[in-house]
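This report walks through a few local features of one structure. Please look over the sequence and the model before reading on.

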Amino acid sequence: MTAQFFAPVAAPQHPRAAFADRHIGPSAADRDRMLAAIGYSGAKALIDEAVPAAIRTARPLDLPPALSETAALDRLRELAARNTVLTSMIGLGYHGTITPGVIMRNVLENPGWYTAYTPYQPEISQGRLEALLNFQTAVADLTGLPVANASMLDEGTAAAEAMALAHRASRRKEPGRFLVDADALPQTIEVVRTRAVPLGIEVVVADVSGGLPDGDFFGVLLQYPGASGAVRDLAPLSAQAHERGATVVVAADLLALTLLRPPGESGADIAVGSAQRFGVPYGFGGPHAGYMSVGDDLRRQLPGRLVGVSVDVDGAPAYRLALQTREQHIRREKATSNICTAQVLLAVMASMYAVYHGPEGLAAIAQRAHRRAAEIADGLRRGGVEVVHGAFFDTVLARVPGRAAEVVAAARERGVNLRQDGPDRVGVACDETTLPEHVTAVLEAFGVPAGDAGEVAGAIPADLRRESPYLTHPVFHAHRSETAMLRYLRRLQDKDIALDRSMIPLGSCTMKLNATAEMEPITWPEFANVHPFAPVDQAAGYVELIGELEANLAEITGYAKVSVQPNAGSQGELAGLLAIRGYHASRGEEHRDVCLIPSSAHGTNAASAVMAGMRVVVVKCDEGGNVALDDLHAKIGRHGDRLAAIMVTYPSTHGVFEETITEVCEAVHAAGGQVYVDGANLNALVGLARPGEFGSDVSHLNLHKTFCIPHGGGGPGVGPIGVREHLAPFLPNHPLRPEAGPSGTGVGPISAAPWGSAGILPISWAYIAMMGPDGLRAATEGAIIAANYLAARLAPHYPILYTGRNGLVAHECIADLRKITKETGVTAEDVAKRLIDYGFHAPTLSFPVAGTLMIEPTESEDLAELDRFCDAMIEIRREIQRVADGGYDREDNPLKNAPHTAAQLIADGWKHPYTREEAAYPLPALREGKYWPPVRRIDQAYGDRNLVCSCPPPEEFED
Ligand SMILES: *Cc1c(COP(=O)(O)O)cnc(C)c1O
């Protein structure tokens, strides 16, 4: 029977057996339908027309053939198994923590949270905005400073941003000096140095235990507790700093602040740090949320994103990103921050950790870590080992003359990593996960008997104990049972639109599939629980994975070398420009400081250029949206041998493949400049063209765009840079990890961790492995086909701004609403908000051109979803026409009143001149799975027209 059953027919081939066939949305038949709608008979013909021959690569991707999901996961398990997970008691800003299962599964492993976009459309982002506001509240309360942002990229960069903020606050013209506590985290000191160099700021590192050194400083950075574990009273140091007019920055451990007097009560003007130990695993260095909080006087200059409370049109409270985060940029001063993608998902996790544990729970966790440290100190002293600092929180520094290496090795044999601090000292950091057996193992490693400690005395001086309350807001008291927590997370998630609900057609942001198989490995303990400064042989799997990923990205981009250290695109930009700066300097041309930036550029470009010590000169775009060559030549001529670089996005943010890119590169090279191609749009190039081949010297890529790391509601991201050979010596490196970059010639660390956000690199590794060379190229083609299909379907209804030759676009297209707005009063924003009633997240609004919508479908959306979106856009166009024809009132219509809430529609006394049905169900398909926004349109009180990004246009930086 069985034999008969199987014998006659060959097993049918699963039509979508390959991973690439599920990553790419449309089936082969649908793709042909889309091509026909665009007017092409095959993909090759379309691609050959759309992508200029001048940039096409002659060499197909030389990558291993595609692995199935199972095979890729098997290989990742092998790599994971090569990591050794020991108990790390190294400290230095990274601590063991327990991610509550309810947060792990329902946030970190939940596409409802991890596939969301940055909350620029506040009406569909109320859930994550509330979570971020909780993060801000927790940070503000714990640090004792009133205003906190959400979030910074890591502790080191937060400290560097604080230096820049302190400098701005000082209103000094000259760069001046910045004092750094010698007991600051070593990686923080180096990140601050990297950032200070191009700005001309002199960083002075000094032991401040006996007071500040002489001299003039615009700011002071103190670590609390110190890297050595020492807890010092900050108040006298702050007072001394203030006497000299210096701003006081304190890098503080949030958990310690549940027990220690907060920086805000000791005179700090700015607090920075990391929220890692609030339930976010090590991940071999990241991603984790950095934080910054400030006093009221600095709130207007706070970098990064700030969630504020506003109201909707009914006066109901609603959250939104405060625009003041951008007002800092609008004043034409020095560069502020270039942060765009932040660490939202990790900030959400940390905030939920605080919500779940509440103030008493956090204090109990801190007390326990403190007690373990006190037990270790007590045991060491009883065994005759000198404990260096009498006052500490969780970290004990022991003096063992000449024996440090031996102690560290003995601990390792017992499964514990300690920190060796020179030949004579060993640091031991305790945390939430430290158990009595760890205390025993540590004492044994020191050769000290681990007898019963009994009651040990605490080591926090009475006058430094925290007295003030924190986390008093009801949210930190309401969700203590797992059931309650689960429901709170679900309630917030349900308020938002993420990719698990509908397509998010955001131009320039590449909201593609984040496949489950790509996501699975990141929470495996072998990847999640490795300390970034664990001995590198314990991270052998990571090192191999990173090496393969860097090599694959180099092959894809045509560059000689790639560094994955930058933890966002903005940081990649800075790293790339610093490489250019280093290169010019190495040739005795440090005077080259002009950076040309086309007017269509993303705001981060200009901000990064200023941070790299360059002067921004804007190059005009012509009517077709291309870099205006006459203006380019004029500007090159004007700046002559001051020209350092051009930063150009390719394909441009106008969504076209510029034919002239090679000419642009040649002109800049001929004048001695370097070419930076912003690789955020690489999704239009992979497998078809390589920036390293068509004339670029350096690019950053956004792994959270092209290479499938989810946006996380606004982060994490990874912004690796690729460089040609001559720039390779000037890549980032790291003080604690010579393997992580070119030591000696490197520009220093761009991120706090040696390989940045290593913990999420398995996602991009898996994407490349499972797609293989053909799948990657097919994805690019799919993205271009999908964008052109949308353009073809929408063009009869909305003018498509900018196209390349033959009227084709690249991987995104811009729908121009400006004429429609002039005629009907209906704006691009009205369309964006009306799309919410249709269940969609709006496309990118008013970037790069005000009054337009930039639409990027990506290859992952299937034809049905693309059509659903087009149907919505076309129906909205009909509604606009009714406004034009007088069928709808010009002010009181479904577009102007969008989005509509259930409460508004159910309320008695509906008075609008259109029906409730027209408001809620403009298309029949919406009856299934209708999304109901939790608030009506939120009052954009500041009359802002550029909601895409808190980054300013390049013109703001021109001098
Ligand atoms: C997204 C983007 C950036 C910035 O990248 P982040 O990772 O958000 O810092 C820069 N340039 C362009 C064109 C982008 O689309």
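In which loop does Leu-92 lie? The answer is the loop between strand 1 (87-88) and helix 6 (101-108). The model is a predicted one, and the sections below take its features in turn.

## Positive phi angles

Leu-92 is not a glycine, yet its phi is positive, at about 55°. Its relative accessible area is 8%, and a residue under 20% is called buried, so Leu-92 is buried.

Ser-846 is another residue other than glycine with a positive phi, here near 60°. Its place is the loop between strand 25 (844-845) and strand 26 (852-855). With a relative accessible area of 9%, Ser-846 is buried.

## The ligand and its surroundings

How many residues are around the ligand, and which come nearest? There are 15 residues around it, and the nearest are Thr-341, Ser-508, Asp-678, His-704 and Lys-705. Sorted by class, this shell holds 9 polar, 3 nonpolar and 3 charged residues. Helix 20 (residues 569-586) supplies the largest share of the shell, with 3 residues.

In the side chain of Thr-341, an N or O atom is 2.6 Å from an oxygen atom of the ligand. Gly-569 takes part through its backbone, where a polar atom is 2.7 Å from a ligand oxygen. For Asn-702, the distance from a polar side-chain atom to an oxygen atom of the ligand is 3.0 Å. The ligand taken alone exposes 380 Å², and the protein buries 98% of that area. The largest cavity is the space that the ligand takes.

## Buried loop residues with polar contacts

Asn-681 belongs to the loop between strand 20 (674-679) and strand 21 (698-701). Its relative accessibility is 0%, so Asn-681 counts as buried. The side chain of Asn-681 has a polar contact of 3.4 Å with the side chain of His-811.

Ser-228 sits in the loop between strand 5 (219-224) and helix 11 (235-243). Is Ser-228 buried or exposed? Ser-228 counts as buried because its relative accessibility is 6%. Its side chain makes a polar contact of 2.7 Å with the side chain of Asp-183, and a polar contact of 2.9 Å joins the side chains of Ser-228 and His-389.

## A pair of residues apart in space

Asp-269 is in the loop between strand 6 (247-252) and strand 7 (270-274). At 16% relative accessibility, Asp-269 also falls under the 20% limit and so counts as buried. From Asp-269 to Gly-775 there are 506 residues in sequence. In space, the C-alpha atoms of Asp-269 and Gly-775 are 52 Å apart.

Pro-716 is found in the loop between strand 21 and strand 22 (721-723).

The peptide bond from Ala-898 to Pro-899 is also cis, and its omega is near -5°. Pro-899 lies in the loop between helix 27 (863-885) and helix 28 (902-906).

Definitions and conventions:
Residues are numbered from 1 along each chain as its sequence is written. This is a predicted model: local features need pLDDT of at least 70, side-chain atom pairs count only at pLDDT 80 or more; totals for chains, interfaces and linings use all residues. Side-chain values use heavy atoms; hydrogens and water are left out. A residue is near a molecule or strand if one of its heavy atoms lies within 4 Å of it. A polar contact is a pair of N or O atoms within 3.5 Å; within protein, one must be able to donate a hydrogen and the other to accept it, and residues adjacent in sequence count only if both atoms are side-chain atoms. Accessible areas come from the Shrake-Rupley method with a 1.4 Å probe; for residues, only the protein chains shown count as cover. On a 1 Å grid over the protein atoms alone, a cavity is a set of points where a 1.4 Å probe fits but cannot get out, and a pocket is an open set with protein on both sides within 12 Å along at least five of seven lines; lining residues have an atom within 4 Å of a point. A molecule sits in a cavity or pocket if more than half of its atoms lie within 2 Å of its grid points. Helices (H or I, at least four residues) and strands (E, at least two) are DSSP runs, numbered from the N terminus. Ala, Val, Leu, Ile, Met, Phe, Trp, Tyr, Cys and Pro count as nonpolar, Asp, Glu, Lys and Arg as charged, and the others, Gly among them, as polar. Buried means under 20% relative accessible area, exposed over 50%, partly exposed in between (1.4 Å probe, protein chains only).
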